[in-house]
Every structure is written in structure tokens, then in C-alpha cells.
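Here's a quick walk through a structure, one piece at a time. Have a look at the model below before reading on.

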Amino acid sequence: MKKTFLIILSLIFAASAVFAGAKEGAAVTKKKTPAAEQALFPDNAAAYINEVEGECQLKRKGESYPERINDIFIPLFEGDTVYTEIQSKLEIIFDDASIIKLDPNSKLTIKLLKRGKTNKTLIELIKGSIMSVVKKLTKEEEFGIRTKMAMAAVKGTEFVVSAGDDDKVAVFDGAVAVTGYDMEGNELHSIILDKDNETVITKKLRKPEKAKKLSRNFVKKYNEIKDLRGKIEHVRNYRRDGKIKKYRLERRLERIDNLKRMKRGGIGMTADQKAYIEQMEKMEPFYRAELNEIESKERKTKQRIKKYMEDKEQ
């Protein structure tokens, strides 16, 4: 059965589509929750789309054609491929609190998304550029980005990988093991790339060159790295404090506000996009009520703590 996913004509249809690819990844147990809440909280997703800007597409494993990505919080699984077009960007957050950002004119496939006692994530960058902020991993955990010519393996770092005629790796914090491969996939040479350094893997030699200081083009990306770091730290804090539902409600409402501004502009929007925005607008009261309830409980908790402390001092 074809998993139609992104041309959303009703929110109920959207919610069911969110789970259409679940069989491709780890086992997922569906909960009997309202359609709006299912769309907000993808069950057991090891990775999901956190932000989408411009023309982006998703092709599920086993499907012949990609479909446009209109929404956030769409779960991703092994074998899924995402694309970005001109002036488009996409962010993916992983359950280990790592984040990647796919630049315009880029394409990647999730090759491995193993979860259990140890997490192992492998991304294949087919073309374009990807920016990553990866949380500090244990000795058993793995996070890598593979191109046709090289592998960048990390243990917790901030770095960029770009794939083209020549592949490039740049490290902004931490360290990355960069390995070159021949046409048959055999390892040729490996180096450790430290903070504020970059290397090139040429098509001719297919192994990383000697590390050198970041070039001007990569230095320009410091602000993007800083922004990405801030986003994932925000998510980590919410998870640590048990407030991930609040975070997703805030993100959902922010997304709806942005969509409403797009609708008012009305430039270059298809009928399907307009219909999708209208459905999101209908669900806005539900999300706001949920957020208000959470914030009300937080205020009451603070008041109880304050009263307890005052009584204790007396």
C-alpha cells in the first residue's frame, strides 16, 4: 500500500500518515490519542523533522517517489531519504539529543538508526552539505556521516560535511575521525581532525588531505553552528526537566503562526498548501489549550513551593 504522506487534506489524515513509515524502523506502539496529539507526539521516533523551510521532500524506504514535506515532527526511519531544493533547509533531531541541518540543494539517506543498549546512527550524504551538533557519546555509541569517498565518525562534536566533486569536513568543536575510501569501499587513510580545522578528500586521491585551519567559507558558518547548538541545548533542557511536551506545543504553535503569515502573503502557494494551513488553524485552539493547561500547572506548583518555603521559615 502506498504511504501517502504529505499532501494533507485533513488533520486526521495527517496524523495517520505520521505513522505510515513506522514499520521501516524500530517497533512502534500506537496510542489511542486524539489526531492532533498523535501529529504532535510521534511515538518512539528515533529521529524526526524539527524544522522545514522552502521546498523539501521525503521519500520513504520502498517507495518510488518522494512527496513534499509540509509539516514538522514527522518521524524518520532507516532507509528514508530527504531532499532540499534551492533556498530550502531542513533540521532533524535525534532521540539522543543530537541535531543535523541539511543545507539547500542537498540530499541524505538514513542508513542506520539502531536503538537499544547502544545507539548507532549512520547518515549517507549523497550531495550538498550537512551541519551537525552531536551530543557526547559513550564508547559503545556511534554517529557517522558517509559520502561516496569518506566517512566522518564522531564522539560528540560540532562539524560540517559537504559532498561534491571533492568532499570537505570542517570541525568547529571536538574531534572527528575522517577516513577516505577507494571505489570498492576499502579504507585508504584516516586522520583525526581537531577543533577549528578542515580537510579535503579529492576525487582523484580519495583520502583526506593534511588538516588546515578553517577557511573563510567555513568560518562564516560559526553563527549557524551557534544557532543550532542553542536549539539542541533548549531541547536537552526540556527533556531533562520532563517538559518535552511543552516544547513541542510551543514549536507547533510557532509553526502555525508562521504558516498563517505565509497564508496572508499568499505568494506562490498551492491549493494543497492552503488547505493544509487551514487544517492547522482549526487545531490551534487544541494546542493552545494544552499549553495553557501545562503553564497553569507550573504556576500552581511554584505557588505551592513558595508557600511551603514561607511556612518553613516561620
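Helix α5 is 22 residues long, and its first and last C-alpha atoms lie 32 Å apart, close to the 32 Å expected at 1.5 Å a residue. (That expected span is 1.5 Å times one less than the number of residues; helices, H or I runs of at least four residues, and strands, E runs of at least two, come from DSSP and are numbered from the N terminus.) This is a predicted model, where local features need pLDDT of at least 70, side-chain atom pairs count only at pLDDT 80 or more, and totals for chains, interfaces and linings use all residues. Residues are numbered from 1 along each chain as its sequence is written, and side-chain values use heavy atoms, leaving out hydrogens and water.

Helix α4 gets the same check, and its ends also agree with expectation:

| Helix | Residues | Expected span | End-to-end C-alpha distance |
|---|---|---|---|
| α5 | 22 residues (244–265) | 32 Å | 32 Å |

Which residues of α4 are buried? They are I225, L228, I232, V235 and Y238, where buried means under 20% relative accessible area, exposed over 50% and partly exposed in between, with a 1.4 Å probe and protein chains only. Seen down the axis of α4, these buried residues fall within an arc of 155°, so they line one face of the helix; the arc is taken from the directions from the helix axis to the C-beta atoms. On the other side of α4, N223, K226 and R240 are exposed. The buried set packs against β6, β7, β9, β12, β13 and α5, contact being heavy atoms within 4.5 Å. Just after α4, G242 has a positive phi of about 70°.

## The core and a buried aspartate

The largest nonpolar core has 57 residues, and I69, V82, I130 and F159 touch the most other members. (A nonpolar core is a set of buried Ala, Val, Leu, Ile, Met, Phe, Trp, Tyr and Cys residues joined through side-chain atoms within 4.5 Å.) Leaving aside neighbours within four places in sequence, the contacts of F159 include I130, I145 and, from α4, I225.

D103 sits in the loop between β7 and β8, and is buried at 8% relative accessible area. Its side chain makes a polar contact with that of K221 at 3.3 Å; such a contact is a pair of N or O atoms within 3.5 Å, and within protein one must be able to donate a hydrogen and the other to accept it, while residues adjacent in sequence count only if both atoms are side-chain atoms.
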